[in-house]
Amino acid sequence: LVNALMGMVGFLPTVEAIKTHKDILLANKETLVVGGEIIKKLLKEYKVKLLPIDSEHSAIFQCLKAGKKKEVKRLIITASGGALRDKTRSELENVTLEDALKHPNWQMGDKITIDSSTMVNKGLEVIEAHYLFDMPYDKIETILHKESIVHSMVEFNDGVVMAQMGNADMRIPLSYALNYPNHKEINNNLGFNLEGLSQLTFKKMDFERFPMLSLAYYVGKIGGILPLVYNSTNEVCVNLFIKKKIKYLDIEKIIYDMVKYYENKNIFDVSIDDIISIDKEIRKKIMEKFEVD
């Protein structure tokens with residue numbers, strides 16, 4: 001099964017596909033964010049594989065082949081910074097929908113483009129990487145890389161860093177997952193022009209500028225239903241922002257408020273039914289607050 005659905009809606013198809021002994025090629029990061037523990041158990045029970053399609057996770061997956069898991073010092077997930085990466089916090093006050101949709105490197109749908117600007121998308125990728133590669137959060141780092149040429153890296157204990165580089169073309173990680181473990185030629189792929197690179201820049205992640213990424217680490221480490229709360233709230237808020245019902249920075253505020261609310265009601269041993277019902281509850285709370293159908 002190739003699961004490239006957007007959002008929480010991709011969770012149940014993954015579960016059902018595993019139960020029919022299908023290997024999963026996953027581009028739906030929310031599957032592992034909202035139900036990582038459940039998915040890991042099902043993969044083991046039904047003896048099926050899960051291969052990543054997201055460019056960052058495909059890159060890490062390939063780089064990990066250079067060594068053993070016990071030799072890994074850290075996973076390094078690159079982030080473009082999104083459409084608003086050069087704006088200060090104060091400049092975000094008046095951001096419009098049109099501003100948030102102008103991604104400098106990738107052509108993506110509205111939701112993921114906005115997630116890229118808030119860095120929620122990167123936060124989801126961190127949580128996904130935790131489950132995909134069975135790696136503790138203190139070994140998963142994020143770094144700003146504006147060019148989107150290095151899709152992610154793995155550093156080993158001896159200081160060697162393996163990086164996967166390539167054009168910003170989602171056909172590449174998709175092709176690798178479909179043809180795994182082989183790299184097959186892609187029609188109309190112009191190849192990677194090293195000579196055309198003027199520079200590659202990397203910058204330490206500023207968690208004060210991108211607080212949603214910091215919050216993702218927080219909810220991931222605590223676990224329970226908090227990653228679900230983080231994701232479901234964001235899905236609703238981005239939809240409200242697209243409909244121009246809330247302001248850009250309201251997305252962050254509402255996610256913070258909902259995480260704080262559910263932190264006191266956290267549940268750690270959740271079932272599939274729990275995930276579905278809590279997701280509905282979260283969406284209903286937010287929609288009622290803003291009087292939206």
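A pocket is an open set of points, on a 1 Å grid over the protein atoms alone, with protein on both sides within 12 Å along at least five of seven lines, and its lining residues have an atom within 4 Å of a point. Its volume is the space filled by probe spheres set on the points, which are joined across faces, edges and corners.

Before you click, note that this is a predicted model, in which local features need pLDDT of at least 70, side-chain atom pairs count only at pLDDT 80 or more, and totals for chains, interfaces and linings use all residues. Residues are numbered from 1 along each chain as its sequence is written, and side-chain values use heavy atoms, with hydrogens and water left out.

**Stop 1: the largest pocket**

Select Lys29, Asp54, Met108, Ile112 and Met170. Of the 37 residues lining the largest pocket, these are the closest to its centre, and the space there comes to about 620 Å³. Now colour helix H3 (55-63), S4, helix H5 (110-118), helix H6 (120-132), S6 and helix H7 (171-179), the elements that each give two or more residues to this lining. Helices here are DSSP runs of H or I with at least four residues, strands are runs of E with at least two, and both are numbered from the N terminus. By class, the lining has 15 nonpolar, 13 polar and nine charged residues. In this scheme Ala, Val, Leu, Ile, Met, Phe, Trp, Tyr, Cys and Pro are nonpolar, Asp, Glu, Lys and Arg are charged, and the others, Gly among them, are polar.

**Stop 2: helix H3**

Stay with H3. Nine of its nine residues are buried, so the helix is largely enclosed by the rest of the structure; buried means under 20% relative accessible area with a 1.4 Å probe, protein chains only. Show His57 and Phe61, which are among the buried residues. The cover over H3 includes strand S3 (50-52), S4, H6, S6, S7 and H7, where contact means heavy atoms within 4.5 Å.

**Stop 3: the sheet**

Next, show the strands of the open five-stranded sheet, ordered S7-S6-S4-S5-S8 with mixed pairing. Two strands pair if DSSP finds at least two bridges between them. At the edges are S7 and strand S8 (203-204), each pairing on one side only.

Zoom in on strand S6 (residues 150-156): seven of its seven residues are buried, so this strand too is largely enclosed by the rest of the structure. Five bridges join S6 to strand S4 (residues 72-79), and the two run antiparallel. Look for Arg74 with its bridge partner Glu155, then for Ile76 opposite Met153. Five bridges also join S6 to strand S7 (residues 161-165), again antiparallel, with Val150 opposite Met165. Four residues lie between the strands of this hairpin, where Gly159 takes a positive phi near 90°.

**Stop 4: the nonpolar core**

Select Leu75, Tyr230, Tyr248 and Ile251, the residues with the most contacts inside the largest nonpolar core, which has 84 residues. Such a core is a set of buried Ala, Val, Leu, Ile, Met, Phe, Trp, Tyr and Cys residues joined through side-chain atoms within 4.5 Å. Helix H9 (residues 226-242) gives the most to this core, with nine residues. Around Tyr248, leaving aside residues up to four places away in sequence, you will find Leu84, Leu92, Val95, Ala100, Ser117, Thr118 and Phe241 in contact.

**Last stop: the second largest pocket**

This pocket has a volume of about 290 Å³. Select Glu37, Tyr131, Gly224, Phe268 and Val270, the closest to its centre of the 21 lining residues. Helix H2 (30-46), helix H8 (211-222) and H9 each give two or more residues to the lining, with the largest share, eight residues, coming from H2.

Terms used: Buried means under 20% relative accessible area, exposed over 50%, partly exposed in between (1.4 Å probe, protein chains only). On a 1 Å grid over the protein atoms alone, a cavity is a set of points where a 1.4 Å probe fits but cannot get out, and a pocket is an open set with protein on both sides within 12 Å along at least five of seven lines; lining residues have an atom within 4 Å of a point.
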